[in-house]
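Subject: Structure handover

Hello,

Please find the structure below. My notes on it follow, grouped by topic.

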Amino acid sequence: MITGKNYIGDILSSEGDTTFTTFNPELNVENPHNFTQATEEEIEKAVTLAWEAFHIYKTFSGKKKASFLRSIADEIEALGEELIKVYCSETGLPEGRAKGERGRTVFQLRSFADLVEEGSWVEASIDTGDKTRTPVSKPDVRKMNIPLGPIVVFGASNFPLAYSTAGGDTAAAFAAGCPVIVKSHPMHAGTGELIATAIIKAAQGTGMPNGIFSNINSSDYTAGQQLVSDPKVKAVGFTGSIRGGRALLDLASKREEPIPVFAEMGSINPVILLPKALENRKEELAATYASSITLGTGQFCTNPGLILGIAGENLDVFISTLGNKVKETTTTCMLHPNIHRAYESNKERAINQDNTEIIAVNESKQENYASQLIATVSGKTFLQNPTLHHEVFGPFSIVVQCESIEEMEQIIAQLEGQLTGTIISDENEVASYAGLVDKMQNRVGRIIFNGVPTGVEVCPSMVHGGPYPASTDSRFTAVGINSIKRWVRPFSYQDWPNELLPDELKDENPLQISRVENGKQIRA
Ligand code: NAP
C-alpha cells in the first residue's frame, strides 16, 4: 500500500506540509497519491540513523549481508502485480518493460549476494613481516577493502527499478557494507515507496540495524542538497542529467570534507559505419538502427544519438531507409510531461542549427508521445558546431556525412566523453582503421562491434561509465559486480595481532577466500 510518507529508518514519517503527486503520462492525468516532502529534521534524522547503523552493519559477515540482499529480491518479487501497475502508471512504460526491469533488479541484488557471500571481492593482500631483515625489520602489512559509510543514491527517472531505490547503486552499497539513503525520484515516488517497503521488510526480517535504509521524498533540489552536504554522508550515486550530476559533484567537492560523487550522465553514443559494411548492409543496418533509436522512446543513456558514415550513394540509401523505418515505427509515450518538454526543446535547438537537414519526422499528436526525428549534417558542420554534440534525450539521432576517414577521426577525437562507441564493420574491415579505433577508445567506456549500444548486460566484465561527462569518474563502472568498488576504500593493518584481524586477513584464512599472499595469488 502506498502511504506517500518517507521512510526515516524503519518509521513511516510525514512531518512536512509540502506535497506532490506523480503523473500518468499515458492517460495524461495525475496519479491519486499525495507524497509528503521530507523536512530538514527528518532528513537529518535519516542521516544520523544511517551513521549509527553503519558502525553495526560494517561488522556483519558476507553471509549475513547476502541474506539481506536476497531477502530484498524476494520481497520485491512478492510485491507482485501491484508494483507493475504502479510502475506503468508512473512512467507510461509498457508492462513487459516493467517486468524485464524487475528481473534485472532482483538479478543484480542476487549477484551481489553471491559476491559478498563468497568474500574474495575485498581483495585481501598480505605481506608478512620479517623481524630479521636488515638494516630495518619488515613490518607485517595486510590490506583489504572496507566500506566508506552512509551513501546517498539519487534514483533515475528512466529506470524506476534497476537504477533507483533498490537498483545497482543501492545493491552495491549494501553489499559493500554501507547504509543507503535514497533520494527518491519524484516522477515515480509510488514505485519508490513500494520498493522501500520491500527493503525495510527485508532489513527487519534479517536482523539489520535500523537506519540501514531510508527513503526521502522530495520534488525540489533542497533535500538532495542537504543530503550531499551532510558530513555523515560519505559518497553519492547519481543517474540523470549532466546539469544535475555536475551540480552535485560541485557541491560535494566544496564540502569541508569533499566526498566522491559517482554520477552517470549524458551520452550520444557515436556509431561508425565503415565503408564496406555500409555498402553491403545499408538497408539492414538502417532497420536495426531505427529500432535502437526508438526503443523505450529513446529514453536510454545508451541511445545511438550520432551515426557517422562517409558521404556518398551508400550513405544516402542508409539515411533514407532509416528515415522511412523511423516514420513506420509507432510512436510511444515519454516518462513525464517534463521529459517530453525537454525532448521537444532540445530537439528544436538541434534542428534549428545552421545547415541541419531533417530527414524524417514521425509526428505524434498524442499528449506526451514523442515525435521521432532523424536529422543529418555534414562532417564540417558537426565539427564547427558543439551544440550538435549535446544529448537529445529521446528518439532522435543525427547522421553525419563525413568527407573522409580523417574527418571522422577528427569528430570522434573532438567529442566529449561517452558511455559507448560502436563500429559497424565487414569481417576484418576494422583492422584497416586502427586510428579510428584508437580515437574511439580515448572517448568511450565500452566499444561495440557490429551491434547496437542499447542494452547493457549485467555481468562482471561490463563497463557502464566513461570519460566525463558520461560519468564523473571513468575508473569505475555503474553496472555489474565491480560497481561495488565505488563504495569502498583500501585499508591496511600493520603488525596487527592475528586474532584481532578481520577473518579476511587472518593467517589461517578461515573464509577460504582468494588472496594475494607475499605477491602470490592464492585461489579460494
Ligand atoms: P535530473 O534533472 O538530473 O534529476 C535527477 C535527480 O537529481 C532528481 O531527483 C533531482 O531532484 C536531482 N537533482 C537534479 N539536479 C539537482 C541539483 N542541482 N541539486 C540537487 N538535486 C538535483 O534528471 P531527470 O529528472 O531524470 O531528467 C531530466 C533530464 O535528464 C532528461 O530530460 C534527460 O535529458 C536527462 N537524463 C539523462 C539520462 C541519461 O542516462 N543520460 C537519464 C535520465 C535523465 P528533483 O527532481 O527532486 O528536484
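Helices and strands are named from DSSP runs and numbered from the N terminus: a helix (H or I) needs at least four residues, a strand (E) at least two. By that naming, Asn509 sits in the loop between β21 and β22 (515-517). Please keep in mind that this is a predicted model.

In general, most residues other than glycine have a negative phi, and most peptide bonds are trans. Here are some exceptions.

Asn509 is not a glycine, yet its phi is positive, at about 45°. Is Asn509 buried or exposed? Its relative accessibility is 10%. Buried means under 20%, so Asn509 counts as buried.

Asn269 also has a positive phi, about 50°, without being a glycine. Look for Asn269 in the loop between β13 (261-264) and β14 (270-273). Asn269 is buried, with a relative accessible area of 0%.

Two peptide bonds to check are cis. One joins Thr134 and Pro135, with omega about 5°. Pro135 is in the loop between β7 (125-127) and β8 (141-147). The other runs from Tyr468 to Pro469, with omega near 5°. Pro469 belongs to the loop between β20 (444-449) and β21 (488-494).

Helix α1 covers residues 40-57, 18 residues in total. From first C-alpha to last, α1 reaches 25 Å, close to the 26 Å expected at 1.5 Å a residue. Its buried residues are Glu42, Ile43, Ala46, Val47, Leu49, Ala50, Ala53, Phe54 and Tyr57. On the face of α1 turned away from the buried side are the exposed residues Glu40, Glu41 and Lys45.

Helix α2 (residues 62-78) has 17 residues. It reaches 24 Å end to end, counted between C-alpha atoms, close to the expected 24 Å. Lys65, Ala66, Phe68, Leu69, Ser71, Ile72, Ala73 and Ile76 are buried in α2. What covers those residues? The cover includes α1, α3 (80-91), α4 (95-118), α5 (168-176) and α6 (189-205). After α2 comes Gly80, with a positive phi near 55°.

Asn215 is in strand β11 (residues 213-216). It is buried, with a relative accessible area of 0%. Leaving out residues up to four places away in sequence, Asn215 touches Asn6, Tyr7, Thr165, Val182, Ser184, Gly192, Glu193 and Ala196. Glu363 is another matter: the C-alpha atoms of Asn215 and Glu363 are separated by 39 Å.

His185 is in the loop between β10 (180-183) and α6. At 16% relative accessibility, His185 counts as buried. With residues up to four places away left out, it touches Gly155, Ala156 and Ser157.

**Pocket and cavities**

The largest pocket has a volume of about 1,600 Å³. It is lined by 48 residues, with Gly240, Ser241, Ile242, Arg243 and Gly244 closest to its centre. Which helix gives the most to this lining? It is α11, with 6 residues. Elements that each supply at least two lining residues are α7 (221-229), β12 (235-239), α8 (242-254) and α11 (337-351). By class, the pocket lining has 18 nonpolar, 23 polar and 7 charged residues.

There are 3 cavities of 30 Å³ or more. Of its 18 lining residues, Ile268, Gly305, His390, Glu391 and Val392 lie nearest the centre. That lining divides into 10 nonpolar, 7 polar and 1 charged.

The second largest cavity holds about 70 Å³. Its lining includes Phe262, Glu264, His464, Asp473 and Arg486. By class, the lining of the second largest cavity has 4 nonpolar, 5 polar and 3 charged residues.

Best wishes

Definitions and conventions
Residues are numbered from 1 along each chain as its sequence is written. This is a predicted model: local features need pLDDT of at least 70, side-chain atom pairs count only at pLDDT 80 or more; totals for chains, interfaces and linings use all residues. Side-chain values use heavy atoms; hydrogens and water are left out. Buried means under 20% relative accessible area, exposed over 50%, partly exposed in between (1.4 Å probe, protein chains only). Contact means heavy atoms within 4.5 Å. The expected span of a helix is 1.5 Å times one less than its number of residues. On a 1 Å grid over the protein atoms alone, a cavity is a set of points where a 1.4 Å probe fits but cannot get out, and a pocket is an open set with protein on both sides within 12 Å along at least five of seven lines; lining residues have an atom within 4 Å of a point. Grid points are joined across faces, edges and corners, and a volume is the space filled by probe spheres set on the points. Ala, Val, Leu, Ile, Met, Phe, Trp, Tyr, Cys and Pro count as nonpolar, Asp, Glu, Lys and Arg as charged, and the others, Gly among them, as polar.
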